[in-house]
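Please open the structure in a viewer and keep the selection panel at hand.

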Amino acid sequence: MLKIENLHARVEGKDILKGLTLSVNPGEVHAIMGPNGAGKSTLGNVLSGREGYEVTAGSVTFQGRDLLALEPEDRAAAGVFLAFQYPVEIPGVNNTYFLRAALNAQRKQRGEAELDSMQFLKLVREKLKIMQISDELLHRAVNEGFSGGEKKRNEIFQMAVLEPKLAILDETDSGLDIDALKQVAQGVNALRSPDRAFLVITHYQRLLDYIEPDFVHVLADGRIVESGDKTLALKLEEHGYAWVNDRDPALAHGARA
Amino acid sequence: MSPSPAPVPFIDALREAGSVRLPGSGLAWLDAARRENLEAFMAAGLPDTRAEAWKYTALRALGQRRFALGDAAAASHPVDPYALTLPGIDGPRLVFVNGVFRADLSRLEALLPGLSLQPLSRVLENDPEPLRFALNRHYREAGDAFAQLNAALAGDGVVLRVAPGVRVNKPIHLCFAGTPAQADAAWHVRNVIELGENAELDLVEHHLATAQHKHLGTLVSDIVVRDGAKLQHALLQNAADESTLIRRGSVHLGAKAQAAMHVLELGGALVRHDLHAQLRGDGARFGTRGVFVLRGRQHVDTQLSIRHQALNTASESIWRGVADERARGVFRGAIVVAEGADGSDASLSNKNLLLSTQAEIDTKPELEIYADEVKAAHGATVGQLDERALFYLRSRGLPNAEARGLLTAAFCRAVFTSLPNETLRDHFSDALLARLPS
């Protein structure tokens, strides 16, 4: 589904990703772990098409298409969803109106019929079972005045409505207390399916207690330096990121714990 | 000012203006006032950018144009009445085409008792005496060049009076339509509006074009809101793309009088809008909210001037500007709290959005306070769309243009939420959205 090969990317003249290679198949949950500055968020931003990230080498194909050649909105229509680490507050834009406009824009792009307001409302009611957010938040401006937990729940709710093929969770656990974390994880788990893949980017192993990954990759200094199953996350938790560096002396001086 | 060797075409075209017959010509007092104003205008000419009030709006190109003195066929141009309608507005209507009253397009039957609504041309021909005092005062008031030009040449307009205590139950629709004529025409309209004590009035002023033209229109409105009266004034300016519109409105508010004005400026190549409010009675309240949305090479200059002259008066102004392509917007908001106007509360917010690197908006809030215990706040910004918000919307699938439109509309939205007529509010929102780039 997603094939990242030897990806190099640069932000503000600084090389961040330095040859990242990763393959994700439908139905799989991949966790990307790594210390601060390893390039975790850059990976999410490059995949979703944020401006300011310059890809200097390598390729990303998504379902056979060159993902990097697509505009952000076209990536969304192709089925890529990024749950933001810091969801943006947008005063004056109604949350529900925005979500319907986004869904219909995607459907239009895919040549599917747009949903009228009744159909959309029905869909919203159904998806609220997956990720409960209050009616009041639905009718407010996008993320405006939402608490940290509400913002993250809103991200997962959007994901439920938009039904992407590949969901990238960018440090969705950051700033959440344990209850909020469990709620978000439940929402994600409810959306797991054989044809949907997840890339879960996180600094801490804690989230993976609730969203069980099929694969864990350790990102350090812009590259994947270790891959394994979920037990790798536990080893990291026990030994810290320094342990990875120790196993790869060539990287030891470049990575930060 | 020294006389220039070659006559300015704009002024030159007015040489015969003194002998043109206008409604009310022959009334000695009116003839004298018109003549004085014409002479004063022709002697001083169009203001140039050395004048502070015209710093950002150059009139050189306008000065090079030669406008016909009115449009002789204005009374007979065919106009589709449907084009004049506004949703939610079905009360009395006064329609002017190229500055001339059109009875055939207006609705003046069965007016509420206590409401007097007539075209100025008819008042001047039939019963000018009651207007003599007001017009004489307005025509001799210190105004700018265009106020003088308007005083000299206005032959039509709106004369509206609401008797004390009368609540006008339906909005009054004032419609100013521009339509192509044989030549580029200049029209001049003068409105005299008075709300008696505790009267209430809802006014909708609508500028539109039936087809493209390059006319110059000047409109001067003198509005008096007596003690305890309430005025709602909505203004939708959708004039022809290549037209020039100079609008000057003044509002005088008595004790506990209230006026709220909502302005949506969309049309015109060159638009100048002067809005003066004087809060003369204790406890008077004045609110203005407006937005201009510009594109192409449009130039819109808004000059807001509010004077607090009595105790415990309040004014709130919220203005937004959006400029795309090579458009130019100017906003000056001047608030004066005069000596003795203690306890006044004045706030002014002006935020502007540039959608293109070649667009420009100049904003200048000014605050002068000579009273005590005054609350005053003002702020002005010029910026661009928030790139983070734009990416967020696009990452969810909204195409770039749609996302930009959504954010721009959101930027303007606060301006019209306080417009009480819901149908009209929706229409303003739709007109705004239709104008935004997509």
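Two residues are in contact if their C-beta atoms, placed from the backbone, lie within 7 Å. The model is a predicted one, in which local features need pLDDT of at least 70 and side-chain atom pairs count only at pLDDT 80 or more, while totals for chains, interfaces and linings use all residues. Residues are numbered from 1 along each chain as its sequence is written, and chains are lettered from A and ligands numbered from 1 in the order in which they are written.

**The interface**

Select chain B together with chain A: 16 residues of chain B are in contact with 21 residues of chain A. On the chain B side, the elements that contribute two or more residues are α7 (387-395) and α8 (400-413). Helices (H or I, at least four residues) and strands (E, at least two) are DSSP runs, numbered from the N terminus. By class, this side of chain B holds eight nonpolar, three polar and five charged residues. Ala, Val, Leu, Ile, Met, Phe, Trp, Tyr, Cys and Pro count as nonpolar, Asp, Glu, Lys and Arg as charged, and the others, Gly among them, as polar.

**Chain B as a whole**

Along the principal axes, the C-alpha atoms fill a box of roughly 70 × 50 × 50 Å.

**The two domains**

Colour domain 1 (9-386) and domain 2 (387-438) of chain B separately; these bounds come from an automatic or database domain assignment. Between them, 25 residues of domain 1 are in contact with 25 residues of domain 2. On the domain 1 side, β10 (230-238), β12 (258-265), β14 (285-294) and β16 (314-323) each give two or more residues. That side divides into 16 nonpolar, five polar and four charged residues.

**A single residue**

Finally, centre on Leu22(B), in the loop between α1 (9-12) and α2 (28-44) of chain B. Is Leu22(B) buried or exposed? Leu22(B) counts as buried because it has 20 C-beta neighbours inside 10 Å. A residue is buried if 20 or more other C-beta atoms lie within 10 Å of its own, exposed if 12 or fewer, and partly exposed in between, with C-beta atoms placed from the backbone. From Leu22(B), draw a distance to Ala152(B), 130 residues apart along the chain: their C-alpha atoms are separated by 9.8 Å.
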